[in-house]
Amino acid sequence: MHRLTREDLEDAARQVYRVMPATPQYAWPLLAERLGCTVWVKHENHTPTGAFKVRGGITFMQWLKNAHPDVEGIVTATRGNHGQSLAMAARAAGMRALIVVPVGNSVEKNNAMRGFGSEVVEYGRDFDEARGEAARLAKTHGLFLVPPYHPALVKGVASYALELFTAAPDLHTVYVPIGCGSGICGVIAVRDALQLNTQVVGVVSTEADAARQSFEAGVLRETASANTFADGLAVRGPIPEAFAIYKEGAQRIVSVADEEIAEAMRVYYADTHNLAEGAGAAALAALMQEREAMKGKNVGVILSGANIDRNVYAEVIG
């Protein structure tokens with residue numbers, strides 16, 4: 001992917017704002033008190049789908065209509081937020097959307113995708129197996145296979161980083177969760193386009209830490225499983241194109257355990273009254289883990305989404 005210019009990013013942001021407003025970023029006083037540093041939270045839980053991915057769906061569909069005007073429908077694999085994003089964008093474009101999720105996926109995320117008019121198919125034991133089925137269905141039904149990572153997705157997603165860095169240009173470090181990588185790649189793209197010195201730190205689950213292993217080894221590594229309740233992080237291996245970007249652009253990658261993520265979800269609720277799903281709370285969990293190193297600094301955390309089933313949240317918050 002070529003380096004994005006400020007013009008590229010502003011053009012993508014304009015496309016996004018035709019569909020949704022910018023989301024806020026707040027420096028919450030109770031988080032600052034708790035952690036001993038200024039904590040800017042980027043509230044991607046306040047988008048029309050409750051997660052950052054919606055931005056990428058908007059710019060991807062625009063690209064698809066221009067590059068492949070004959071396409072009548074799309075298929076993709078997801079744990080939910082990417083799928084909601086594309087379901088919403090496909091409906092707006094008058095296209096069919098077929099979304100593949102693993103068996104036992106979040107009931108409420110599945111309902112949300114159907115709510116945006118898509119067909120949801122359950123297949124496989126995890127995201128990686130669902131991806132294989134999506135590729136097969138694309139051939140069978142003549143649908144366009146939307147990958148989990150694509151330059152047109154990253155451009156849209158990057159608009160949240162443009163908002164954050166415009167509001168708080170002097171951030172020392174930003175913590176970003178890594179699933180398939182569009183979020184962290186968007187943050188790196190904006191940081192570089194604006195020529196800022198902010199350190200970008202990726203966050204993964206200890207139960208799905210292939211991105212961290214790959215980053216530290218300098219080559220792609222996979223894990224045998226990805227059993228974390230933070231479904232947005234539950235990926236067994238990095239997407240090569242995304243890895244190529246964050247391997248160069250990230251400072252480090254931190255892994256957080258499910259219990260640390262759950263604690264961060266409770267902290268978000270107590271200190272800001274915001275709902276965060278597992279992946280959405282991972283960045284705060286990493287900052288909590290590294291609080292000593294961040295003392296007195298200006299730090300950003302991406303609250304990437306709020307889409308968690310009620311029963312799971314009740315258990316965590318209880």
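The lining of the largest pocket draws on both parts of the chain, with at least three residues from domain 1 (6–52 + 151–317) and at least three from domain 2 (53–145), the bounds coming from an automatic or database domain assignment. The model is predicted, with local features needing pLDDT of at least 70 and side-chain atom pairs counting only at pLDDT 80 or more, while totals for chains, interfaces and linings use all residues. Residues are numbered from 1 along each chain as its sequence is written, and side-chain values use heavy atoms, with hydrogens and water left out.

This pocket has a volume of about 310 Å³, and of its 22 lining residues Arg79, Gly104, Ser106, Phe229 and Asp231 lie nearest the centre. On a 1 Å grid over the protein atoms alone, a pocket is an open set of points with protein on both sides within 12 Å along at least five of seven lines, whereas a cavity is a set where a 1.4 Å probe fits but cannot get out; lining residues have an atom within 4 Å of a point. Grid points are joined across faces, edges and corners, and a volume is the space filled by probe spheres set on them. The pocket lining comprises eight nonpolar, seven polar and seven charged residues, where Ala, Val, Leu, Ile, Met, Phe, Trp, Tyr, Cys and Pro count as nonpolar, Asp, Glu, Lys and Arg as charged, and the others, Gly among them, as polar.

The largest cavity contains about 330 Å³, and because domain 1 and domain 2 both give residues to its lining, it lies between them. Of the 30 residues that line the largest cavity, Phe52, Lys53, Gly179, Cys180 and Gly232 lie nearest its centre, and the lining divides into 14 nonpolar, eleven polar and five charged residues. The second largest cavity, with about 70 Å³ of space, has 13 lining residues, and Gly179 is again among those nearest the centre, together with Ile178, Ala211, Val235 and Pro238. Eleven residues of this second lining are nonpolar, two are polar and none is charged.

Among the buried residues of H12 are Gly278, Leu284, Leu287 and Met288.

Notes. Buried < 20%, exposed > 50% of the residue type's maximum accessible area, 1.4 Å probe, protein only. Helix = DSSP H or I, 4+ residues; strand = E, 2+ residues; numbered from the N terminus.
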